[in-house]
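Look through this model one level at a time.

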Amino acid sequence: MTDYLLTGARILGGEPSDILIADGRIASVTDVSTRSNAGDVETIDATGLIALPGLVDLHTHLREPGREDAETVETGTRAAAMGGFTAVHAMANTEPVADTAGVVEQVWRLGREAGYCDVFPVGAVTVGLAGERLAELGAMADSAARVRVFSDDGKCVSDPVLMRRALEYVKAFDGVIAQHPQEPRLTEEAQMNEGELSGRLGLRGWPAVAEEAIIARDCLLAAHVGSRLHVCHVSTAGSVEILRWARTKGWNVTAEVCPHHLLLTDELAATYDPIYKVNPPLRTQADVEAVRAGLADGTLDIVATDHAPHPHEDKDCEWQAAAFGMLGLETALSIVQHTMVDTGLIDWAGVAERMSAVPARIGRLEGHGRPIAEGEPANVVLYDAAATRTIEASEMASLSRNTPYAGMELPGRVVATFLRGKPTVLDGKLT
Amino acid sequence: MKKHLLSAADLTRDDAELILETAEELRSLADRPIKKLPALRGRTIVNLFFEDSTRTRISFEAAAKRLSADVINFSAKGSSLSKGESLKDTALTLEAMGADAVVVRHWASGAPHNLANAGWSRSSVINAGDGTHEHPTQALLDAFTMTRHLAPEKGQGLDGRRVAIVGDVLHSRVARSNALLLHTLGAEVTLVAPPTLLPYGVDSWNVQTSYDLDAVLPKTDVVMMLRVQRERMNASYFPSVREYSRRYGLDARRMATLQDHAIVMHPGPMIRGMEITADVADSERSVIVEQVTNGVAVRMAVLYLLLGGAEPAITTGDTVPEPVEGSTGPTTGDGENDA
């Protein structure tokens with residue numbers, strides 16, 4: 001295995017250091033002034049680049065098994081590597097649903113074979129995502145895939161009794177329920193954020209209250225039974241308020257925000273271009289500012305991509321007929337830089353917390369989200385924050401093209417990604 | 001004028017007035033033995049209907065034929081549940097046939113925008129009703145009808161006129177387009193409905209709203225009743241048909257509170273006994289049948305102006321398109337054709 005010396009890298013944006021990677025671990029981190037001839041290693045000039053721990057996504061749709069026309073574990077993990085990720089959690093809404101030990105082990109094994117990024121399957125909470133009875137959560141936890149995160153994402157566990165039981169049950173193996181907060185009756189056939197614009201555009205509204213009511217209920221339930229709750233894709237100012245309140249109570253609740261909710265607003269729906277159709281929907285500028293503030297002050301713990309690939313024909317149609325979701329893995333770090341770092345809301349250490357350390361902790365991952373320090377697993381991203389790039393849908397490593405950022409100029413570029421010392425991306429290209 | 005007519009908001013006041021004036025010229029054709037002009041001879045207009053609407057389709061068809069265009073009716077039924085041929089493939093097919101204009105009716109809000117903007121087709125797109133979004137030619141024919149009754153002098157507009165639009169505003173494309181166009185034309189619109197049937201965010205529209213029909217009627221110049229589907233009752237928008245009719249239906253007693261000159265409109269199809277009683281629909285104040293006649297003239301004007309390109313408007317009389325041989329040309333309007 002080749003050893004690498006990354007010279008002059010600014011760890012978490014700090015002073016330049018040399019990072020020696022050997023045998024899959026970080027062998028040393030030294031000041032550049034003490035540089036000696038390192039011997040038989042491949043040197044990578046990382047001058048001016050920021051070094052971050054490998055990113056961890058708690059919310060990725062890899063679509064395999066079932067929708068290999070949209071994405072496969074291989075193409076999705078290639079996209080992840082290009083985005084600086086070394087671990088992704090693969091959501092359970094595949095066909096068949098990842099609701100048994102067999103399916104989660106299959107996804108886990110496909111991830112190992114692809115080798116671009118570690119894949120940690122998320123198990124479904126209920127059989128077939130039907131919201132009726134619990135899936136065999138324990139069997140998935142005990143499987144080779146060692147599932148700790150359970151979610152019916154795409155659907156809400158709306159039955160309060162079932163949600164309570166799920167929260168209680170996963171305590172036995174330190175699991176967490178990642179809730180997709182969407183009150184189903186309030187959002188039947190919903191197409192976009194319910195606001196001034198939905199009324200004018202004649203598109204069925206998805207009211208903020210449908211998200212906030214479930215979050216409030218689940219925070220109370222989690223507190224009542226003393227369980228861990230994770231809230232997926234928080235999108236409204238009201239949700240941030242509720243979570244801020246839950247945090248003051250000391251309850252064991254974590255929450256994520258998606259890059260697109262940090263940047264884009266419902267105004268884009270006026271184009272009727274389904275590239276902007278996503279669930280939960282793009283909200284208002286006030287909501288964007290609230291989720292940014294929530295991510296900055298720690299009310300929202302992490303950024304998760306909700307990377308949702310769809311084949312072209314599912315987006316090249318009427319808004320109402322189009323699928324929900326947008327790509328996220330390859331642009332997430334740039335969006336976070338643009339909305340959070342360049343605006344002064346957080347620094348690079350804050351980015352590492354929110355995109356690596358904390359998501360790894362929520363997922364109970366060992367070997368990810370660790371600091372860049374001697375003896376730690378060599379999961380490292382080199383990032384050129386000074387670069388700018390124009391996003392081209394055709395250049396995505398993902399099998400799908402449904403990025404809402406096409407044509408936008410965004411800051412930053414992933415130069416290299418190391419997964420346990422092995423480069424998955426070098427010179428901005430997949431190895 | 002823009003290349004497409006997707007929303008009533010696409011029309012400036014000048015655009016809208018040009019259409020209404022042109023329609024006034026063209027309306028006189030309806031009273032002539034040969035109702036045909038050669039203006040769009042050799043042009044192809046496709047009526048693309050993804051949703052049944054016999055009334056709107058035949059209105060556009062009559063309008064296109066009176067301008068001598070070739071008309072193709074394309075009924076591509078399909079819903080979001082049973083997807084048939086995609087809108088894109090349909091558009092590519094029509095493009096290959098060389099359609100100059102596509103008149104589209106679709107169950108999905110925004111489908112005409114997709115047709116016009118997705119790069120599938122170069123034709124002019126006319127929105128003939130999309131989902132619960134808009135129906136701009138209906139708004140134009142309504143404004144035309146109002147103008148004929150309330151502002152019969154040439155050049156007189158709808159400024160300051162009060163229009164009450166009553167009923168299921170939430171699901172109504174007619175209400176949206178009317179609210180936009182009437183505001184552009186200077187009229188004051190009041191939307192009257194139970195709170196459940198007013199859209200979220202209606203405060204940001206340039207309209208008044210009211211939950212009380214009786215309070216609005218004595219002050220209004222126009223009352224436009226919207227159809228209310230019985231099925232809305234099952235979704236708890238209102239408790240019962242009887243209660244809806246009692247609070248928001250237009251009957252003879254309520255009609256009697258209108259000002260003498262006020263008119264009653266309905267975009268059709270009506271549900272007699274639900275939002276409007278038969279005696280009101282058939283009364284002298286009702287201009288519902290005239291709306292249909294005016295629809296053809298207004299749609300002729302829209303097709304003519306969108307496809308006429310750089311040609312001058314025909315409002316100055318001497319630029320009226322040449323009549324077909326054997327008929328006499330339209331004259332400038334002097335009110336002789338008032339219904």
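Two strands pair if DSSP finds at least two bridges between them. Helices (H or I, at least four residues) and strands (E, at least two) are DSSP runs, numbered from the N terminus. This is a predicted model: local features need pLDDT of at least 70, side-chain atom pairs count only at pLDDT 80 or more, and totals for chains, interfaces and linings use all residues. Residues are numbered from 1 along each chain as its sequence is written, while chains are lettered from A and ligands numbered from 1 in the order in which they are written.

Start in chain B. Four strands form an open sheet there, in the order β2-β1-β3-β4, with parallel pairing. Its edge strands are β2 (70–75) and β4 (124–130) of chain B. Strand β3 (residues 101–106) of chain B pairs with β4(B) over five bridges. In β4(B), Asp130(B) is the bridge partner of His106(B).

Now the domains. Chain B is divided into domain 1 (8–134 + 291–307) and domain 2 (136–288), with bounds from an automatic or database domain assignment. In contact (C-beta atoms, placed from the backbone, within 7 Å) are 23 residues of domain 1 of chain B and 22 residues of domain 2 of chain B. On the domain 1 side, α11(B) supplies the largest share, six residues.

Finally, take Val223(B). Val223(B) touches residues including Ala164(B), Val166(B) and Leu250(B), not counting residues up to four places away in sequence.

Conventions: Two residues are in contact if their C-beta atoms, placed from the backbone, lie within 7 Å.
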